[in-house]
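This briefing is meant to be read alongside the sequence and the coordinates.

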Amino acid sequence: MTTQEMLSPMRRAINDYNMIKPGDKVAVGVSGGKDSLTLLTLLHEYQRFTDRPFDLIGITIDMGFTKDAYAPVQEYCDKLGIEYHIVPTDIAEVIFDIRKEKNPCSLCAKMRRGALNSEIVARGYNKLALGHHQDDVVETFLLSLFYEGRLNTFQPRSYMSRTGVTLIRPMIYIEERDIVGYARDLPV
């Protein structure tokens, strides 16, 4: 898919849920995967023509597995002119070496989200954009139905009162298969 074809549903989601307002400071949580890199790229393109000017940065929480793991992401952001920050943490050491967690996923996610929110607040940003897409909405809905017995999924935009940051998911109208095709052509 072309950038324009990807931007159309993203722009619609941003408008439908009033995700970005003029003057917002939007931080994209960048894992280095296809979803977050596509989101960062699309928001950078959207930033060029929107009538809602906003600041944009990428932030990665480095859990401490591999040194220089995010160098290609840094190079990509430099090429696009996007401010990018890698936040070093000891999350991997805490989870695997100190606590020796048998089921680390939940704790790891909480620790990464906490580190990400702390960094966003410290930098004065008010929005956190995550790369969840249409398939994630459906999967979360079905998991909620099967495991909780209720009809529920995440919100496209939600305010986190502890941090004062609003979480946005601008790609909720984009299917994963389209992201896969688009990300294949990203020079990362």
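In this predicted model, the elements that cover the buried residues of helix H2 include helix H1 (3-16), strand E1 (25-29), strand E2, helix H3 (71-80), strand E4 (127-129) and helix H7 (176-184).

**Helix H2**
- The residues of H2 that are buried are Asp35, Ser36, Leu37, Thr38, Leu39, Leu40, Thr41, Leu42, Leu43, His44 and Tyr46.
- The length of H2 agrees with expectation, because its 16 residues at 1.5 Å a residue should span 22 Å, and the C-alpha atoms at its ends are 23 Å apart.

**His44**
- His44 belongs to H2, which runs over residues 34-49, and with a relative accessibility of 14% His44 counts as buried, since the cut-off for that class is under 20%.
- Apart from neighbours within four places in sequence, the residues in contact with His44 are Leu56, Leu80 and Ile82.
- For Leu80 there is also a polar approach, in that a polar atom of the His44 side chain lies 3.3 Å from the backbone oxygen of Leu80.

**The largest pocket**
- The largest pocket holds about 560 Å³ of space, and among the 22 residues that line the pocket, those closest to its centre are Ser31, Arg112, Arg113, Leu116 and Leu130.
- At least two residues of this lining come from each of H2, strand E2 (55-62) and helix H5 (105-122), and H5 gives the most, with seven residues.
- Sorted by class, the lining of the largest pocket consists of nine nonpolar, eight polar and five charged residues.

**Positive phi angles in loops**
- Asn18, which sits in the loop between H1 and E1, has a phi near 45 degrees, a positive value in a residue that is not glycine.
- Asn18 counts as partly exposed because its relative accessibility is 33%, which falls between the limits of 20% and 50%.
- Lys100, placed in the loop between helix H4 (91-98) and H5, likewise is not a glycine and has a positive phi, here of about 50 degrees.

Key:
Residues are numbered from 1 along each chain as its sequence is written. This is a predicted model: local features need pLDDT of at least 70, side-chain atom pairs count only at pLDDT 80 or more; totals for chains, interfaces and linings use all residues. Side-chain values use heavy atoms; hydrogens and water are left out. Helices (H or I, at least four residues) and strands (E, at least two) are DSSP runs, numbered from the N terminus. Buried means under 20% relative accessible area, exposed over 50%, partly exposed in between (1.4 Å probe, protein chains only). A polar contact is a pair of N or O atoms within 3.5 Å; within protein, one must be able to donate a hydrogen and the other to accept it, and residues adjacent in sequence count only if both atoms are side-chain atoms. Contact means heavy atoms within 4.5 Å. On a 1 Å grid over the protein atoms alone, a cavity is a set of points where a 1.4 Å probe fits but cannot get out, and a pocket is an open set with protein on both sides within 12 Å along at least five of seven lines; lining residues have an atom within 4 Å of a point. Grid points are joined across faces, edges and corners, and a volume is the space filled by probe spheres set on the points. Ala, Val, Leu, Ile, Met, Phe, Trp, Tyr, Cys and Pro count as nonpolar, Asp, Glu, Lys and Arg as charged, and the others, Gly among them, as polar. The expected span of a helix is 1.5 Å times one less than its number of residues.
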